[in-house]
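Okay everyone, thanks for coming. Have a look at the structure I'm putting up, and then I'll walk you through a few spots in it.

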Amino acid sequence: MSAILNGIVLHGGFIPYGGTFLVFSDYARNAVRIAALSRLPTIFVYTHDSIGLGEDGPTHQPVEHLASLRLIPNLSLWRPCDATETAVAWKAAIERRDGPSCLVFSRQNLPTQRRTAEALAAIQRGGYILRDCDGAPEAILIATGSEVHLATAAAERLAERGRRIRVVSLPAVDVFEAQDAAYREAVLPAAVTRRLAVEAGVTNSWYKYTGMSGKIIGLDRFGASAPGNVLFKHFGFTVENVIRTVEELFL
């Protein structure tokens, strides 16, 4: 199917898209890579993006796929956290003319995040301050997709304890990294070294943003067969674990 999408792009007259589970992007790897190499504006839609898909088990639960796809040059990958980021991701993919886009969606329902007008406008930059604090932040939480709501909920509870926490949503790493240095520094100031990244996938690529002194809540193993909410709790993707891990940064 993915090769057919590329063929439609080459024919002209259409902006094609096609979808499947994220774990099955492995079968489409050649076509995705050719689209990136040939700068074809094909749109690949991938769903069921984590252990949250549930009882199908580890054979169907993507773990390394987000990191792997992000490594492909000239491929833009969006993993939105709610309907608002999804709309921005679709707009970016449709307007992109010099390469393919991957839109990666979760199976489970996710809450809509509250945003200022400034944050809403900044989504298109791939990474932005979703929730900020009064004064300079003591720590920064970085998250994508279905894990963003864990970060914002944890930040709210930490604020009640007097902690100054910034939450950065990073739906499109490649788009964020294409921004100018001043913007990236404004979002992730180098002076704030207490950082925690939260994403339900392999962790290696996140050290670029957390540094070796930061922490990552991720998944460096295959999943398991159980309801999605049970798996998230089992593997530490909970508000309580985010709070506990942030507090460890202050020790």
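Let's start with helix α2, residues 29-38, where Ala31, Val32, Ala35 and Ala36 are buried. Buried means under 20% relative accessible area, exposed means over 50%, and partly exposed is in between, with a 1.4 Å probe and protein chains only. Helices here are DSSP runs of H or I, at least four residues, strands are runs of E, at least two, and both are numbered from the N terminus. Those four cover an arc of only 135° around the axis, so they sit on the same side of α2; that arc is taken from the directions from the helix axis to the C-beta atoms.

What do the buried residues of α2 pack against? They pack against α1 (2-11), β2 (43-47) and α3 (65-70), with contact meaning heavy atoms within 4.5 Å. Just after α2, arginine 39 has a positive phi of about 60°.

Quick housekeeping: this is a predicted model, local features need pLDDT of at least 70, side-chain atom pairs count only at pLDDT 80 or more, and totals for chains, interfaces and linings use all residues. Residues are numbered from 1 along each chain as its sequence is written, and side-chain values use heavy atoms, leaving out hydrogens and water.

Last stop, serine 76, in strand β3 (residues 76-78). At 4% relative accessibility, serine 76 counts as buried. Leaving aside residues up to four places away in sequence, serine 76 touches Arg96, Pro100, Ser101, Cys102, Asp174 and Val175.
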